[in-house]
Amino acid sequence: MSGPHPKPTIPFIIPIFLPHTGCPHRCVFCDQAAITGQARPLPPIDQIRHDIRQFLTYPGNLRDTVQISFYGGNFLGLPEKTVRRLLDLATEFIAADRVHSIRFSTRPDTIDSRRLDWLSGYQVATIEIGAQSMDDNVLLESNRGHRAADTKKAMARLKRGGYETGLQMMIGLPGDNAAGALETGRQIVALAPDFVRIYPALVLAGSALADLLAAGNYRPLALDSAVDVTARLFKLFANNRIPVIRMGLQSSAALDRNHTVLAGPYHPAFGQLVMSKLFFDSVRHELDALGPAQRSISIAVHPRSVSNLRGQKNSNLTALKSLFSLDTIKITAQPDLGETEVVVNTGAPVSILNGAGSP
Ligand code: SF4
């Protein structure tokens, strides 16, 4: 039995970070050097070639699809000559049959017919757009320099071009709230991307958000609120068969360094917190329905979902025991369940994507 959360085909991605290259300005929340730990915006081509070769020695390159990915900046905001140099470099590896295709992230306002023409003849398969919000006021307060309409237009163009599309959204931006984030989620669903990423806004040292925070003009989301909103968005996307391929920034030495994240809902395993919350809510709902007579219960989930069910340091189990005065909770790994399903005692499997809190 499988849950409705779709599984994207995950390619082996060779990430080439080009921090802030092609950016017309700094968005309030952004500091790619802090996120990627790489200060140099555009490494020399020989260096990138060397990095790609290095990546290709890792065992993961045996996966079916290998993509070279240009991240961390606004790819199509670079001059045409630079875009072509980078695409030519990636094409060397495609021609040698070591890599299958190219992906990059870019701003919605760079998706125009002139720039899309630059891509013709190259094996660009996937384009990720930083939508961030579909609320023009939030975009304005975040100094994005584009509107929601640009994201809609960009998606229409990319779909016409036959690209695989990804949309990135942020929660907790200035001027946003939970209802606004869910509305952004609904508008993103309507655009039908092939996948999404959800990032909570963090206050990074050196960003404009840090100044806003210091001046008392910005309040970041608390971690539990960020987890709650992201869990609701996850359900929304999953129930519309849109894979969520990332929740929260990937932890890195640079990000984990003291004083990089000044405030905000950073957690190195943010995505796991979200999934654990969904399992907790689901089991809690089932136990509410069973009534107070239980002292011991059993819960079955897919083997890959056991740690999400338990929660970090067994936090879900501890909270459930205390909430329902339980003595024991027996957990069984059951491979025939979907990864988003849970069975309490002898009940029928229920999906963590249903129930209270659905957007
Ligand atoms: S969010 Fe994107 S466009 Fe804005 S500064 Fe960061 S990399 Fe550049």
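**Figure 1. Buried and exposed positions of helix H7 in the predicted model.** The buried residues of helix H7 are Ala 181, Thr 184, Gly 185, Ile 188 and Leu 191. Viewed down the axis of H7, these buried residues fall within an arc of 115°, so they line one face of the helix. Ala 179 and Ala 190 are exposed on the other side of H7. H7 comprises the 14 residues 178–191, which should span 20 Å at 1.5 Å a residue; the end C-alpha atoms are 20 Å apart, in agreement with that expectation. The structure shown here and in the following views is a predicted model.

Figure 2. Asn 177 is placed in the loop between strand E5 and helix H7. Asn 177 and Thr 340 are separated by 163 residues in sequence, and their C-alpha atoms are 27 Å apart in space.

Figure 3. Strand E4 covers residues 124–132, and eight of its nine residues are buried, so the strand is largely enclosed by the rest of the structure. E4 pairs in the parallel sense with strand E3 (residues 101–106) over five bridges. Within this pairing, Phe 104 has Ile 127 of E4 as its bridge partner. From E3 the chain passes through helix H4 (residues 113–118) to E4, and this β-α-β crossover is right-handed. E4 also pairs in the parallel sense with strand E5 (residues 164–171), over six bridges. Here the bridge partner of Thr 126 is Glu 164 in E5.

**Figure 4. Residues surrounding the ligand.** The ligand is surrounded by His 20, Cys 23, Arg 26, Cys 27, Cys 30, Gln 32, Gly 73, Asn 74, Arg 107 and Gly 130. Sorted by class, this shell holds three nonpolar, five polar and two charged residues.

**Figure 5. His 20, one of the residues around the ligand.** His 20 is among the residues that surround the ligand. His 20 lies in the loop between strand E1 (12–17) and helix H1 (32–36). The backbone of His 20 has a positive phi of about 65°, although the residue is not a glycine.

Figure 6. Asn 143 is found in the loop between helix H5 (136–141) and helix H6 (148–160). Asn 143 is not a glycine, yet its phi is positive, at about 55°. There are 15 C-beta neighbours inside 10 Å, and Asn 143 therefore counts as partly exposed.

**Figure 7. The open sheet of strands E11, E10, E12 and E13.** Four strands form an open sheet in the order E11-E10-E12-E13, with mixed pairing. Its edge strands are E11 (328–333) and E13 (350–351), each of which pairs on one side only. E10 and E11 run parallel and are joined by six bridges. Strand E10 (residues 296–301) and strand E12 (residues 341–344) pair in the antiparallel sense, over three bridges.

Figure 8. The bridge partner of Ala 300 in E12 is Val 343.

Figure 9. His 267 has its place in the loop between strand E9 (261–263) and helix H11 (270–290). His 267 is partly exposed, with 17 other C-beta atoms within 10 Å. His 267 and Phe 29 are 238 residues apart along the chain, and a distance of 17 Å separates their C-alpha atoms.

Methods. Residues numbered from 1 in each chain as written. Predicted model: local features only at pLDDT ≥ 70, side-chain atom pairs only at ≥ 80, totals over all residues. Near = placed C-beta within 6 Å. Nonpolar A, V, L, I, M, F, W, Y, C, P; charged D, E, K, R; others polar. Buried ≥ 20, exposed ≤ 12 C-beta atoms within 10 Å, placed from the backbone. Helix = DSSP H or I, 4+ residues; strand = E, 2+ residues; numbered from the N terminus. Pairing = 2+ DSSP bridges. Right-handed = clockwise from strand over helix to strand, strands pointing away. Expected span 1.5 Å × (residues − 1). Arc of directions from axis to C-beta.
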